[in-house]
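Take a look at the model below.

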Amino acid sequence: MNPQVSIIMGSTSDMPVMEKAMKFLDEMEIPFEVNALSAHRTPKAVEDFALNAASRGIKVIIAGAGMAAALPGVIAAQTTLPVIGVPIKGSVLDGVDALYSILQMPPGIPVATVAINGAMNAAILAMQMIALDDEVVAKRFADYKSGLGKKIEKANKELEEVKFKYRV
């Protein structure tokens with residue numbers, strides 16, 4: 001089994017956020033790999049990773065970083081693969097600094113960006129990208145989306161049972 005998604009984080013301190021992406025991909029049976037790479041502390045390793053990811057069969061890269069959040073952009077500058085950036089809350093600016101760093105990419109170096117600490121949405125977006133040319137993954141994704149609506153329907157039925165004197 002070869003990984004289709006690569007999850008990269010700036011350091012293992014980002015694990016509590018990025019783990020949500022790992023859990024989702026695991027539940028959806030999407031093979032993935034995980035590495036800690038730093039755009040500032042291990043720039044050569046980041047370059048080697050970005051230049052070789054496609055030839056290793058990676059289809060989508062999810063890169064999470066906080067503060068200056070250079071990692072997603074540095075990777076995107078060196079690969080033709082889609083990169084999804086996850087800004088991580090890690091400073092007194094509550095992740096807004098990371099969000100702006102990832103959003104403000106120059107023309108030609110796009111990074112799809114999810115919400116601050118939004119690793120699960122990054123994994124969902126990666127799955128959607130893979131589903132474009134994989135019918136099995138597309139079916140799994142359609143089932144997942146269908147299940148979201150069923151959860152809300154169930155919640156509304158449970159809410160009907162909640163009684164209050166002035167509830168109409």
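This is a predicted model: local features need pLDDT of at least 70, side-chain atom pairs count only at pLDDT 80 or more; totals for chains, interfaces and linings use all residues.

Residues are numbered from 1 along each chain as its sequence is written, and side-chain values use heavy atoms, with hydrogens and water left out.

Start with the elements. The protein chain has six helices and five strands. Both are DSSP runs, numbered from the N terminus: helices are H or I with at least four residues, strands are E with at least two. Read from the N terminus, the order is β-α-β-α-β-α-β-α-β-α-α. The C-alpha trace spans about 65 × 45 × 30 Å along its principal axes.

Now the packing. The protein chain has 168 residues, and 39% of them count as buried. Buried means under 20% relative accessible area, exposed means over 50%, and partly exposed lies in between (1.4 Å probe, protein chains only). A contact means heavy atoms within 4.5 Å. Among contacts with a separation of 6 or more, 65% come from residues 24 or more positions apart.

Next, the surface. The accessible surface of the protein chain is about 9,700 Å², and carbon and sulfur atoms hold 58% of that. Such areas come from the Shrake-Rupley method with a 1.4 Å probe; for residues, only the protein chains shown count as cover. The chain carries 17 positive and 18 negative charges, and their mean positions are 7 Å apart. Lys and Arg count as positive, Asp and Glu as negative; His and the chain ends are not counted. Each charge is placed at NZ of Lys, CZ of Arg, CG of Asp or CD of Glu.

Finally, the rings. The structure holds two aromatic pairs. Rings of Phe, Tyr and Trp (its six-membered ring) pair if their centres lie within 6.5 Å; planes under 30 degrees apart count as stacked, over 60 as edge-to-face, and the rest as tilted. Phe 24 and Tyr 144 pair edge-to-face, at 5.1 Å centre to centre with 80° between the planes. Phe 24 sits in helix H1 (residues 15–27) and Tyr 144 in helix H6 (residues 135–160), so this pair ties together parts 120 residues apart in sequence. Both Phe 24 and Tyr 144 are buried. The ring centres of Phe 141 and Tyr 144 lie 6.1 Å apart with planes at 35°, so that pair is tilted. Phe 141 and Tyr 144 are three residues apart in helix H6, about one helical turn. Phe 141 is buried at 10% relative accessibility. Together, Phe 24, Phe 141 and Tyr 144 make up one aromatic cluster.
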